[in-house]
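Good morning, and thank you for the time on the agenda.

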Amino acid sequence: MKIGVVTFPGTLDDRDAARAVRIAGAEAVSLWHADADLKKVDAVVLPGGFSYGDYLRCGAIAAQAPVMKEIIKKANQGLPVLGICNGFQVLVESHLLPGGLIRNSDQHFICRDQGLRVENTSTAWTNQFELNQEITIPLKNGEGGYIATAAELERLEGEGLVTFRYIGGNPNGSMNDIAGLRNERGNVVGLMPHPEHAVEPGFGPDTSSAMRSGVDGLLFFKSVLHSLVNA
Amino acid sequence: MALFKKKSVPSGVDTTTNAAETPDKHQPWKELGLKEDEYARIREILGRRPTSAELAMYSVMWSEHCSYKSSKIYLRQFGEKVTDEMKTNLMVGMGENAGVVDIGEGWAVTFKVESHNHPSYIEPFQGAATGVGGIVRDILTMGARPIAVMDQLRFGAVENPDTARVVHGVVSGISFYGNCLGLPNIGGETVFDRVYQGNPLVNALSVGALRHEDLKLAKASNPGDRVILFGARTGADGIGGVSVLASETFDSAGPSRRPAVQVGDPFAEKVLIECCLELYKADVVAGIQDLGGAGLSCATSELASNGNAGMRVQLQKVLKRDESLTPEEILMSESQERMMAIVPKKSLKKFIAIVEKWEVEYSDLGEVIEEPRLYINWGDEEIVNVPPRTVAHDGPVYERPVAFPAYQDGLNADSVHSRGLYRANDNSTDLAAQLWQIVTSPNQASKSWITDQYDHYVGGNTALAMPDDSGMVRVSEESGLGISIATDANGRFCQLDPYQGAKLALAEAYRNVAVGGAKPMAVTNCLNFGSPENPEVMWQFKQATAGLADGCLELGIPVTGGNVSFYNQTGDVAIHPTPVVGVLGVIDDVARRIPSGWQDEGNNIYLLGTTKDELDGSVWSEVIHDHLGGRPPVVDLAHEAALADLLHGAAQQGLLASAHDLSEAGLAQALVESVLRFNMGARVWINEISERDNVDRTCALFSESTGRVIVSVGREDDVKFVGLCEARGIPVLRIGVTDNSGELEIQDLATFPLEDLRNGFKATIPALFG
């Protein structure tokens, strides 16, 4: 299985996302923002960072990159796409997911181990989780406050599109504690926290058993492999 | 090219011909920070008066910040007080942009800490942001991929209304720039003290990793190679920043100097990092230098001087943000995110393809020449014609007057004992209250409000980070080979005794690296002092550098580089001498690192080392009694080395469940941090410390005696561990056991529920600045 990891200028967590893909057992293929060629990958990860400096609006310029035109087209045909942090912002700016992301409510960048509840397991990226499983993965962003109109929120909740919700405190003022979403089809998932930073013992969040041993993020990547194998 | 054709239009620029013809023209050398004899020396070197462009270059390159003219004679000892053995792993020593250390398996690391103090007071956000940007480019220049940053901060008193302005600006500046660069922030220091009120210290450290063969040096030596400026465009920011800001003491009546501070664009720097790494990989640069302090003046003269060659540069080719910039301003501009590469002609095409891929702008300014002379033209007119060495390396060297401070004997005599300061020893209620007051005081309380604003995950290699004693990063994903860094400085100790204070900083950083399980290898420093024109400050500097050099020799680890920041004073009042010492450690496999807190119940807690009555200059004397006087703790570096060896050996055998250094606020602070790290309670007794070491309870809890560590050991490893300590002659005393009680119980003193401790420990900083 080949999973593409996109690098925009200003992308930061691309090497981390590629490592996560490898640890999960797939081949990571690096995709370049200016290149519309998806190199026949089976799924795509839009990693975190500050694409194009996040000037204008987070993810807004990246959403217009040549590689995104192709990703949007393929995503609408069912290609699994995971947007992490800045990647989530790109997905929202690309209208692959609804709503928007604004500055954290306390105005500060925040980096911490964050509790999440997995509220939907019918997606390409969450099918290996238990429904309502509580997981811990790192959160690190300055603009992670999720917003949507009242009507949109109602639809998201009604259709079960909310995939992750913050637990143990809402870190950034996100409406309805929303941490991540899926699209109707379930192939596109976006979230603010970083599963790729919780895939390798020794370098993830602390757990009750040992320092930095949390690997809850690995199931995102195992999920997509599972869905591809069973597709 | 349009600019190039603008021949013979009277530009008004001061040419070398003009300079030769008008020897008596008045020049603003004084305003540019030069002394009369320095100006005379420039005229002597050139055999004429300098052009205004040359004057700009010399003035900025001969400033204290760039030339180290007051510190040079003392910094030499870092290169002299070394044994051959200490140099074994040193690939590049002092004098380059950063030192490079061989860490094995074909890997090397380069690390350095630098000050950005003055800009960060004037414009805290941009000052701190560009401080991070500058040090990261220094690391990049060596051919390394930057892999982490740290910062060492000193602010004024928390109750002063101006402190919040500086804290907010500096912390968000570091957060903004560092996070956007994608470099994990793995640790640092934050200290509040009124002595830093008008002179906050913002030191930034970066570390990078490279394969041995990728090492790059800042030199231009092959005639015909092209001189390429690339990265951001040159603007009016930071003009004269170095000479005007860093080399003058703040005058409270002076005008605002805001425009002299540089403005940072971390996105441009991130792209520049990736672009440079691709250039290195393609092997298309023969030499490279970042543009930091003194901008183009520094890059051109240093590259040529280092390569024993010269350069011919067309200054009109510099890409500008503002077309109205004069040649002098272009030479002095400190616009950020710029690099200068020396590119062999045959590699130029490949070079251009890579910078264009990253959409980085570049301009081909000229060529390297054999004659050791730097020629800079503005169109057809020659505006600089100088021997580059005289600009870059042969600047003035001063042996400033040194005087033993008039206040020193009085300060040393005014000890905790002579004052008879109250010790709560037998009054458990008071003693427990003191403990609480200390661990919730601004300097001892949790700094997570600050550090939670920094990304410590990016890169996926962070093995230890704040609040651990050191920051540790994996370098090789194959073997687990990694490095760790700790930095320390105690300005209060240094005020009492700068020689001893510098050694104490070294000992603490060394110990902090050791408790993480790494082997200390090399040292960097950032020496923050008052005005070198004050003989008493110069005495402090002389003592501190001697202490550090002697300490490094004793420990057998070399200084690989550093930075000096003088003029940290407001009016006549200097800061406490603050030599920040950074120690780099190496660990074969980061999987063997030692946590800083307790994770498992039922482990025995041991105190290694002995406790003396050493409360002068301590946190206890500061927080409880607002007192500073007496003599700092004694340092025994042979013991520190033995202790580090023991920890390293025990870590290799997997005997240690945790290890935590004892320093500020002594055992009390270490116990609180150890229980809170993973929320594991403990029952501790301190009476045996008092009995064995003949000290009172105040000392047992708060003394800052050096060479001490608390470790926790699983019961199954007990005998082995104690045997190891005894065999190596390290005093070891069992002082407690970890448990699931949810409390820290200090027997016969008090019991603190962890929740209360956590709330108190975490609440202080947000309450002040949140």
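What is shown is a predicted model. For the complex, the predictor reports an ipTM of 0.96 and a pTM of 0.95. Chain B has a mean pLDDT of 93, with 96% of its residues at 70 or more. Two stretches of chain B call for caution. Over residues 1-10 of chain B the pLDDT stays under 50, and the model has 6 contacts there beyond four places in sequence. Residues 241-258 of chain B also stay under 50, and for these the model has 44 such contacts. Where pLDDT is low, the predicted coordinates should not be read in detail.

I turn now to the interface. Here 24 residues of chain A are in contact with 26 residues of chain B. On the chain B side, the elements giving two or more residues are α10 (161-181), α12 (266-281) and β14 (462-464).

In chain A, 9 strands form an open sheet with mixed pairing, in the order β2-β1-β3-β4-β11-β10-β9-β6-β7. Which strands stand at the edges? They are β2 (27-32) and β7 (134-141) of chain A; each has a single partner strand, so one side of each is left without a neighbour in the sheet. From one strand to the next, the twist averages 25°. Within this sheet, β10 (residues 178-182) and β11 (residues 188-191) of chain A pair in the antiparallel sense over 3 bridges. R182(A) has V189(A), in β11(A), as its bridge partner.

Terms used
Residues numbered from 1 in each chain as written. Chains lettered and ligands numbered in written order. Predicted model: local features only at pLDDT ≥ 70, side-chain atom pairs only at ≥ 80, totals over all residues. Contact = placed C-beta atoms within 7 Å. Helix = DSSP H or I, 4+ residues; strand = E, 2+ residues; numbered from the N terminus. pLDDT = per-residue confidence, 0-100. Pairing = 2+ DSSP bridges. Axes fitted to C-alpha atoms, helices over the stretch in contact; angles between N-to-C directions.
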